[in-house]
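Morning, everyone. I'll walk through one structure, so please have a look at it while I talk.

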Amino acid sequence: MTSLPSTDLIIEITYLIATALFILSLKWMSSPTTARHGVWAGELGMLLAVAGTLLNRGIVDYKWVAIALVLGTIIGVPLGKVHMTAVPQRTALSHAFGALCVTLVGTAEFYLRAPSVPRFMMSVLSMEVILGSLTFTGSLMAAGKLQEILPQRPITYKGQNIVNLGLLAAAVGVAAYLVIHPDHMYLFPIILVIPLLFGVLMIVPIGGADMPTVISLLNSYAGLSAAAMGFVLDSKLLIVAGALDGASGLILSVNMSKAMNRSFSNVLFGAFGQEQVSVKGGQETRAVRSATPEEAAGILAAASKVVIVPGYGMAVAQAQHKVRELYDNLTKRGVDVKFGIHPVAGRMPGHMNVLLAEADIPYDKLLDMDEVNGEFPQTDVALIIGANDVTNPAARTDASSPIFGMPILDVDKARTVMVIKRSMAAGFAGIDNPLYYLDKTLMLFGDAKNFVGSIVRELSGGDSHG
Amino acid sequence: MKTDLITSLYVFMLAGFIGFEVIRRVSPLLHTPLMSLTNALDAIAVVGAILLAGEHKTTLSTVLGTIAIVAATSNVVGGFLITDRMLKMFRASRNPKP
């Protein structure tokens, strides 16, 4: 038996290399030029770790492992091939799968160890299953809302936060009791069921525009639950992977909450289903100037610098490919076209960038808020496609506005502003946008895809008789 | 290889700091692929599930472990696939200005 202990060492070394590869993988994500190396590093790390694990002498039966690996691959391939517009719900769904795995392993580990579970073990186990199960149902709910299987409208009622926090407190209370008395095994299902319920209730008050924050937060929870699982299994690899994922989700949530001007605690306590502001006052019908595709095309063709600001409306209308045609046409005429992307545009962090990259727009033309805001004063035309609140100058000027203080794209500093919009209906937050009433603003009423298409037609036709 | 709790906490803390420093440098351009990549990496939990299913200690642990492998593997495969697909789409201008 002298040669065998080295197997353990080999396994540990594969884990060590996998850990290093995971960190490198994220490091390479810092730039689009190296990002694909990041994926390869991650894949290699995963392969090594799984291969190392399969060497484990504790494994007596490979049959179920093999069946499950094959089945998981069969489910995973289509999930990796979804359409780009479905990426937010796919991401939510994969958070749910990750959380499911963690919760099931935690549950199994409890029943293997009970009734004599050391206190520390019981604490991390509780953390694992509580975070895991609330992330599971929460992510399923989020995916359902994004896929529009469930109503997207936030559902709120009085005392909602008290009910939710009460539930969570109850789960933590039962977990604490179990830590002291782990032999009361009948209590364990409670710390599974309450968080499962909490996960559902947590997402009920969330509206579509809050999804970027929620998805990031669920990402963080999924990571933390995996790290807790690492403590239970005494696996450094899992602790590191979970901590990296948790940190990533946390950073994104903080970014998103800053970009929406919400305090982070507001987000953490699931109160992001914001108080419904009913801005009814000031309903004077102010005049707006509207323009036809022909007029819009004329102004765009005469511009030397154009910034396009896309929002979720562009994704809904599937207008990104038409936008690309517009980009190509204007670029060919020598117009400098860039895109200004607000952090919370779309349904998840970076959503717009992926859609525009898919439409084959070069990434160096996609600027984030800080980069693009300095450019608006030199911009001839800011063209807003399906974005609203993130361009509302009231956030800068009107202290009484519910979105006052929210960082916005300063489109009103451009010489001309054009807004493609279906109607004058208010944005997600139900706030009127003073941008639309400026003298320099032209409203282009219609479906984003059709309208951009018409502009492109005008531009290409305009060459022949111009 | 049993290690003590404090060592594990150190690992967690250090990994957290590394995570913050590394992720802070990721361009907002790539935040969607970042999320799908961390999701795939997170599915390393499959390692724990494999042991659980393979060690075959009780029927419950084998069943739960097997389902857990399916869930995690779908994240590994789907996560890496979609991340790579997304990243392939990000390309620079053909003649980028200096």
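What pattern does chain B follow, read along the sequence? The pattern is α-α-α-α. That is four helices and zero strands in chain B. Helices here are DSSP runs of H or I with at least four residues, strands are runs of E with at least two, and both are numbered from the N terminus.

Ground rules. This is a predicted model, where local features need pLDDT of at least 70, side-chain atom pairs count only at pLDDT 80 or more, and totals for chains, interfaces and linings use all residues. Residues are numbered from 1 along each chain as its sequence is written, while chains are lettered from A and ligands numbered from 1 in the order in which they are written.

Chain B overall. Its C-alpha trace spans about 65 × 30 × 15 Å along the principal axes. Of the 98 residues in chain B, 62% are buried. Buried means 20 or more other C-beta atoms within 10 Å of the residue's own; exposed means 12 or fewer; partly exposed is in between; C-beta atoms are placed from the backbone.

Now a helix pair inside chain B. Helix α2 (residues 31-42) and helix α4 (residues 59-89) of chain B have axes that come within 8 Å and cross at roughly 155 degrees. α2(B) and α4(B) are therefore roughly antiparallel. The cut-offs: under 35 degrees is roughly parallel, over 145 roughly antiparallel, 65 to 115 roughly perpendicular, and the rest oblique. Axes are lines fitted to C-alpha atoms, for helices over the stretch in contact, with angles from 0 to 180 degrees between N-to-C directions. Residues making this contact include B:T32 and B:P33 of α2(B), and B:N75 and B:V76 of α4(B). Contact means C-beta atoms, placed from the backbone, within 7 Å. By class, the α2(B)–α4(B) contact has eight nonpolar, six polar and no charged residues. Nonpolar covers Ala, Val, Leu, Ile, Met, Phe, Trp, Tyr, Cys and Pro; charged covers Asp, Glu, Lys and Arg; the others, Gly among them, are polar.

On to chain A. It has 17 helices and six strands. Its C-alpha atoms fill a box of roughly 90 × 50 × 35 Å along the principal axes. Of its 466 residues, 52% count as buried.

One helix pair spans the two chains. The axes of α2(A) and α2(B) come within 10 Å and cross at roughly 10 degrees. These two helices are therefore roughly parallel. The contact joins A:A35, A:G38, A:V39 and A:G42 to B:P33, B:L37, B:A40 and B:L41.

Last, a single residue. A:P407 lies in the loop between α16 (394-397) and β5 (416-421) of chain A. A:P407 is partly exposed, with 18 other C-beta atoms within 10 Å. Beyond its neighbours within four places in sequence, A:P407 is in contact with A:A259 and A:M369.

Methods: Contact = placed C-beta atoms within 7 Å.
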